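Welcome! Take a moment to look over the model below, and then we will walk through it topic by topic.

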Amino acid sequence: MELFLMTLVQGIMLGGLYALVSLGWVLIYKCSGVLNLAMGEMTLIGAYVSLTFYNMGVPFILSIVISLVIGLVLGILTERIFLDKLIGEPVLTVIMVTVGLSYFFRGIIEFVFTTDTRLFTPPIFSIEPIRIGPVIFSEVFLWTFIAALILLVIFVAFFKFTKWGLAMQATADDEMAALSIGISARFVYSAAWAIAFMAAGVGGTLLGNINGLNISVGYLGLLVLPAVVLGGLNSIPGAIVGGIVIGILQNFCGTYLDQFFRGSVKEIAPFVFMAIFLLFKPYGLWGWERIERV
Amino acid sequence: MENTYLPCGKYHQTYKDEHSWWKTKFIKSKMILLLIVLFFVIPNVAQGYWMSIFNHVGYTILGALGVQLLIGYCGQLTLGHGAFIAIGSYTTTMLLLEFPWPQIIVDLGLSYPLSTIIAGIVAGLWSVLFGLPSARIKGFYLILTTMAAQFITVDFLITQYISQIGGRGQAFSIPGESIKIGPWVIDSNTKVYYLMLVLVILIIIMLSNLLRSRVGRAWIAIRDNDISAEVMGINVLKYKLLAFFVAGFIAGITGSFWISNLSAVSPEHFEWFLSLWLVGVILIGGTGSIHGVIFGSIFMVVTMELLRMGIQPLGETFPKLASDFLYIRDSFFGLLICVFLLYEPNGMAYRWWQIKSYFNLWPFSY
């Protein structure tokens with residue numbers, strides 16, 4: 001029972017992180033219709049930037065802010081240079097451009113930072129475990145979860161209450177109508193990419209705190225896909241729920257199934273789950289069903 | 001795009017003429033010249049290193065043909081084709097290493113060809129398994145399931161289970177003398193080249209004939225609009241699965257061919273990058289065209305080799321450039337795909353067609 005609880009709690013906490021990155025993904029998809037496979041590399045860039053600044057002696061919060069600023073700039077640049085011209089192109093073209101981008105970024109990251117694991121030195125979170133009743137987990141997970149929650153709340157508030165957020169919602173809902181009331185679609189696209197880049201960067205930084213940062217943290221970008229498929233591609237609450245569910249699922253598979261299989265089931269399970277889930281409910285839990293006509 | 005202009009005053013007089021591959025004497029002589037160059041000139045002129053580049057081009061062509069069939073002709077997006085190539089490679093390797101072939105078959109040198117065919121069928125069936133979701137989903141969702149195919153097959157099944165059979169560790173090395181067709185042992189780059197050439201030509205003939213039959217027309221109808229195809233009475237699921245089977249079969253043959261060039265087979269040869277690379281090849285070459293596959297493969301492999309040659313001299317002054325060449329290659333590959341899709345979205349085959357029709361009509365512009 002204790003094991004069960006512990007797995008659950010850790011899963012939820014890791015899931016918060018996935019939810020954060022999934023949110024960025026859904027945002028891009030909702031606003032500009034781009035299916036983004038470069039999310040993992042976006043997390044890596046943010047994570048490496050904040051790690052570099054932190055290890056240079058900049059306070060942690062400040063280094064996160066720096067990585068947010070760089071994410072903002074890079075997000076706008078990426079959108080303007082590469083994706084602006086692709087509106088209305090076939091799905092495969094758009095996806096392959098994001099794949100191309102992901103390899104471009106990854107190559108640069110590997111070249112600059114090499115593939116060794118880097119640690120945040122000195123460690124930000126103490127390694128003393130926290131005990132709540134029978135449940136034991138390390139401090140990193142708790143803070144990660146709290147940070148992810150705070151950011152999620154900030155993002156949701158941004159969409160609900162600010163003018164820019166409302167403009168983005170309007171564009172996502174109906175682009176034509178949004179254009180006709182004077183919302184700049186190009187601005188919205190750039191903003192979506194900038195926010196996604198920033199969210200991914202924070203997600204990567206937090207994940208890098210758990211086990212150290214190396215190129216495999218970018219795997220987070222692929223894990224986002226099962227999460228958003230589960231929630232439905234164009235639903236923001238769906239992305240949050242999907243992220244948390246995938247986090248829980250992954251941890252349970254790690255705890256209970258790893259002993260039966262060679263290697264780590266943890267990394268494959270979300271994809272197996274996704275493939276099966278797609279067969280039964282291709283539009284996810286809250287996604288829009290698309291009705292096709294000849 | 002595939003039709004040819006006949007010279008002025010020439011007309012087809014029989015249906016056979018109209019269906020022939022090489023419609024004029026000029027095309028015929030051109031193609032025969034190409035075959036002579038491919039079969040006799042290149043193997044005699046090219047040296048070891050160049051031979052290996054040709055082999056790599058051939059491997060890319062073979063792999064990309066399957067992707068082209070799925071994406072370019074049947075409209076089923078796939079990002080997991082590397083998995084089926086891996087299945088082909090591993091089936092052949094396992095059959096060669098573990099299967100108790102009767103002595104007579106080994107003596108006749110039939111074990112490699114037979115395992116190649118079995119590998120094709122196994123990879124085809126495996127591909128059908130992951131094509132099954134295409135009954136309900138398409139587009140981006142299909143990309144996700146084929147990606148899942150890649151991770152499940154290569155990163156889990158092959159790395160964790162199949163590689164462990166026989167306790168050889170990660171890589172399977174194949175004894176050189178077991179790869180032979182009849183009396184010919186395939187042990188040098190030149191022999192691999194001939195094998196590659198024969199396979200490429202056979203598969204291109206098979207595929208192009210298939211594409212102008214009822215099956216091919218059904219595939220193209222499904223690509224253009226699957227709902228109207230269904231309304232027209234095409235059994236969409238059957239033809240989609242058939243496309244997956246044929247693509248998987250080609251992938252299996254490809255994988256089986258490629259082990260003749262590898263000294264040891266390991267999962268690293270079939271990572272996700274391979275699948276992306278093949279899709280990149282057909283996008284750069286042009287979707288929906290067999291010419292596109294060939295142009296794209298040549299272009300990609302040669303560009304990457306040129307990049308390597310360009311980087312190598314710099315490596316003496318900047319050692320990091322040479323040691324981290326792989327990362328530069330990744331980065332360059334990504335940029336190349338982006339640039340091509342942004343500025344040349346129809347691919348090289350379209351450009352080729354434009355040039356060809358320009359010269360067909362030359363000196364008049366219409």
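How does the radius of gyration of chain B compare with that of a compact globule with 366 residues? A compact globule with 366 residues would have a radius of gyration near 21 Å, and chain B has 21 Å, so the two agree. Keep in mind as you read that this is a predicted model.

**Chain B on its own**

- Chain B has 16 helices and four strands in its secondary structure.
- Along its principal axes, the C-alpha trace of chain B spans about 70 × 55 × 45 Å.
- Of the 366 residues in chain B, 41% are buried.
- Take the contacts in chain B with a separation of 6 or more: 78% of them are between residues 24 or more positions apart.

**Chain A on its own**

- In chain A you will find 11 helices and two strands.
- If you follow the sequence of chain A, the pattern reads α-α-α-α-β-β-α-α-α-α-α-α-α.
- The C-alpha trace of chain A spans about 55 × 50 × 35 Å along its principal axes.
- The globule rule works here too: for 294 residues it gives a radius of gyration near 19 Å, and chain A has 19 Å, which agrees.
- Buried residues account for 48% of the 294 residues in chain A.
- Among contacts in chain A with a separation of 6 or more, 75% come from residues 24 or more positions apart.

**The nonpolar core**

- The largest nonpolar core has 183 residues, and those touching the most other members are Val21(A), Leu23(A), Trp25(A), Ala192(A), Ala196(A), Ala199(A) and Val224(A).
- Helix H8 of chain A, residues 185-211, gives this core its largest share, with 15 residues.

**Where the two chains meet**

- On one side 40 residues of chain B take part, in contact with 35 residues of chain A.
- Four helices of chain B each give two or more residues to the side that touches chain A: H7 (140-161), H10 (226-231), H12 (272-285) and H15 (325-343).
- H7(B) provides the largest share of that side of chain B, 13 residues.
- Sorted by class, the side of chain B that touches chain A has 27 nonpolar residues, nine polar ones and four charged ones.

Methods: Residues numbered from 1 in each chain as written. Chains lettered and ligands numbered in written order. Predicted model: local features only at pLDDT ≥ 70, side-chain atom pairs only at ≥ 80, totals over all residues. Core = buried A, V, L, I, M, F, W, Y, C linked by C-beta atoms within 7 Å. Buried ≥ 20, exposed ≤ 12 C-beta atoms within 10 Å, placed from the backbone. Contact = placed C-beta atoms within 7 Å. Nonpolar A, V, L, I, M, F, W, Y, C, P; charged D, E, K, R; others polar. Rg over C-alpha atoms; globule rule 2.2 N^0.38 Å.
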